[in-house]
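Subject: The structure, and some notes on it

Hi,

Here is the structure to open on your side.

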Amino acid sequence: MAILTLECWSRHRVEYLSVLLASLHNQTFQDWDIVILEEADCNYLANPVFVGLLKRLKNQGHRVVFLHPREMLGNVRAAVTVMKETKTKYAMKLDDDHLFEMDALEKLVNVLEENEDIGAVGGMLHPITEELIPRSEIPPDFNRWTGPKKRTWNDYTTLVYSFPEQIVEVDFVRAPFMYRADKLRETNWIDLYPTLGYSDMAHRIESEICNTLKKEFGYRIVIHTGVRMWHYLAPTGGCRMIDPRTREHDDEIYYSRWKEFHE
């Protein structure tokens, strides 16, 4: 069995997902499985480039699980469905519009292998399309809120500007990030998460994973500033086409959960 499972759920982005698969094919670290879920209204297997890449990964010896639900799931249920397929020590949550420099997976795995007190690790996620935050607005503290109306945490790591290569402790990391899946499975998180009443905002999933690992096991959550990753559709984030009232309700739940985990 591999040591790492790559977890991805996707909707109407087969071309971006194909670029992601190509970047995974070229990674210096190759001891991984991959689980991909396409939403019910998609048909990625009709795309010959995508199918060819899946076959290539299988021929490399990777376990490839491709899921197609019969009904629309949304981010929350899709996340749980994919994570239930993970049996490995580590897992990494991917968005379908990410891609990685060749040593990204290797560096992230090494952080978890060499630091038993770290539960999850992310890297520097750079937007391909635009800069989200001017350099002058980068706060010195990686846990500061940034972005429009101070709603977005750690998004200044998407800037192309370089920080010294170091491990920086943060409150949570945003996808793509790697975490101790075996430890998360020791909790009831996967069964609990769909009951929290969250909207389909993807970064809530990440904060809940980090919160759980921190509260249940005392793990540190970190960013490795030497890990470079890229994001095609950074401005849209994980809240595409969500009603603002739903987001406000989601925020209320999130803030109360964050306080609960960090008291």
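When I say two residues touch or are in contact, I mean that they have heavy atoms within 4.5 Å. Please keep in mind that this is a predicted model, in which local features need pLDDT of at least 70, side-chain atom pairs count only at pLDDT 80 or more, and totals for chains, interfaces and linings use all residues. Residues are numbered from 1 along each chain as its sequence is written, and side-chain values use heavy atoms, with hydrogens and water left out.

First, the overall picture. The protein chain has eight helices and 11 strands; these are DSSP runs numbered from the N terminus (helices are H or I with at least four residues, strands are E with at least two). Of its 263 residues, 53% are buried. By buried I mean under 20% relative accessible area, by exposed over 50%, with partly exposed in between (1.4 Å probe, protein chains only). Among contacts between residues at least 6 apart in sequence, 83% join residues at least 24 apart.

How far can you trust it? The average pLDDT of the protein chain is 84, and 79% of the residues score at least 70. Where pLDDT is low, the predicted coordinates should not be read in detail.

Now for Thr5, which sits in strand 1 (residues 4-10). Thr5 counts as buried because its relative accessibility is 0%. Not counting residues up to four places away in sequence, Thr5 touches Asp33, Val35, Thr86, Lys87, Thr88, Tyr90, Ala91 and Met92. Take Asp33: 28 residues separate it from Thr5 in sequence, yet the two are 4.6 Å apart in space, C-alpha to C-alpha. With Thr88 there is a polar contact, side chain to side chain, at 2.7 Å. A polar contact here is a pair of N or O atoms within 3.5 Å; within protein, one must be able to donate a hydrogen and the other to accept it, and residues adjacent in sequence count only if both atoms are side-chain atoms.

His12 is not a glycine, but has a positive phi of about 55°. In helix 1, the buried residues are Val14, Leu17, Ser18, Leu20, Leu21, Ser23 and Leu24. Their cover includes strand 1, strand 2, helix 2, strand 4 (90-94), strand 5 (98-100) and helix 4.

Next, have a look at Asn47, in the loop between strand 2 (32-38) and helix 2 (48-59). Asn47 is at 18% relative accessibility, so it counts as buried. What does its side chain do? Asn47 caps the N-terminal end of helix 2, with a side-chain oxygen 3.0 Å from the backbone nitrogen of Val49. A polar atom of the Asn47 side chain also lies 3.0 Å from the backbone nitrogen of Phe50. Leaving aside neighbours within four places in sequence, Asn47 is in contact with Val14 and Glu15.

In helix 2 itself, Phe50, Leu54 and Leu57 are buried. Seen down the axis, these buried residues fall within an arc of 60°, so they line one face of helix 2. (The arc is that of the directions from the helix axis to the C-beta atoms.) An α-helix has 3.6 residues a turn, so residues three or four places apart point the same way. The buried residues of helix 2 pack against helix 1 (14-25), strand 2 and strand 3 (64-67). Turned away from that buried side is a face with the exposed residues Pro48, Val49, Lys55 and Asn59. Gly61 follows helix 2 and has a positive phi, near 100°.

Helix 4 (residues 104-114) has Ala104, Leu105, Leu108, Val109, Val111 and Leu112 as its buried residues. They cover an arc of only 150° around the axis, which puts them on the same side of helix 4.

One last thing to check: the peptide bond from Ala175 to Pro176 is cis, with omega near 0°. Pro176 is in the loop between strand 9 (167-170) and strand 10 (177-180).

Cheers

How values were computed: pLDDT = per-residue confidence, 0-100.
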